[in-house]
Amino acid sequence: MLNNRKRRPTHPGEILREDVLPETGLTQGEFAERLGVARKTVNEILCGRSPVTVDMAHRLARALNTSPDLWLRLQQDVDIWDALEAKKTEYARIKPLATGAAG
């Protein structure tokens, strides 16, 4: 499915930084400690420089009483957007197969 969005989806780190962390009242360091990871790891995600991995999605889900799927879907939306933007011309050269040809 082609990406028809006009702007990049919100990185899950931005949601954590702008909405979740302020609500918890925790600092990045305290949040990292709760998650069992380094503060730098949390900071990289909050700044959008690192993705939410499967491991981190499980940690976030456990700490925030959500599901890993939530965090992974948010990250996947960003990843799909970034890949399309980076290789849009290359992808446009790929011709669709005729219906039924994939057998």
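This is a predicted model: local features need pLDDT of at least 70, side-chain atom pairs count only at pLDDT 80 or more; totals for chains, interfaces and linings use all residues.

Visitor: Which residues of α4 are buried, and on which side of α4 do they lie?

Guide: The buried residues in α4 are Met56, Ala57, Leu60 and Ala61. An α-helix has 3.6 residues a turn, so residues three or four places apart point the same way. Here the arc around the axis is only 135 degrees, which puts these four residues on the same side of α4.

Visitor: What do the buried residues of α4 pack against?

Guide: Their partners are other helices. The buried residues of α4 pack against α1, α2, α3 and α5.

Visitor: Which residues have the most contacts inside the largest nonpolar core?

Guide: This core has 15 residues. Elements giving two or more residues to the core are α1, α2, α3 and α4. Leu60 touches Phe31, Leu35 and Trp71, among others beyond four places in sequence. Those with the most contacts inside the core are Leu16 and Leu60.

Visitor: Is Gln75 buried or exposed?

Guide: Gln75 is found in helix α5, residues 68-92. Its relative accessibility is 4%, and the cut-off is under 20%, so Gln75 counts as buried.

Visitor: Which residues is Gln75 in contact with, leaving aside its neighbours within four places in sequence?

Guide: Gln75 is a buried residue of α5. Leaving aside neighbours within four places in sequence, its contacts are His11, Pro12, Pro51 and Val52.

Technical notes: Residues are numbered from 1 along each chain as its sequence is written. Side-chain values use heavy atoms; hydrogens and water are left out. A nonpolar core is a set of buried Ala, Val, Leu, Ile, Met, Phe, Trp, Tyr and Cys residues joined through side-chain atoms within 4.5 Å. Buried means under 20% relative accessible area, exposed over 50%, partly exposed in between (1.4 Å probe, protein chains only). Contact means heavy atoms within 4.5 Å. The arc is that of the directions from the helix axis to the C-beta atoms.
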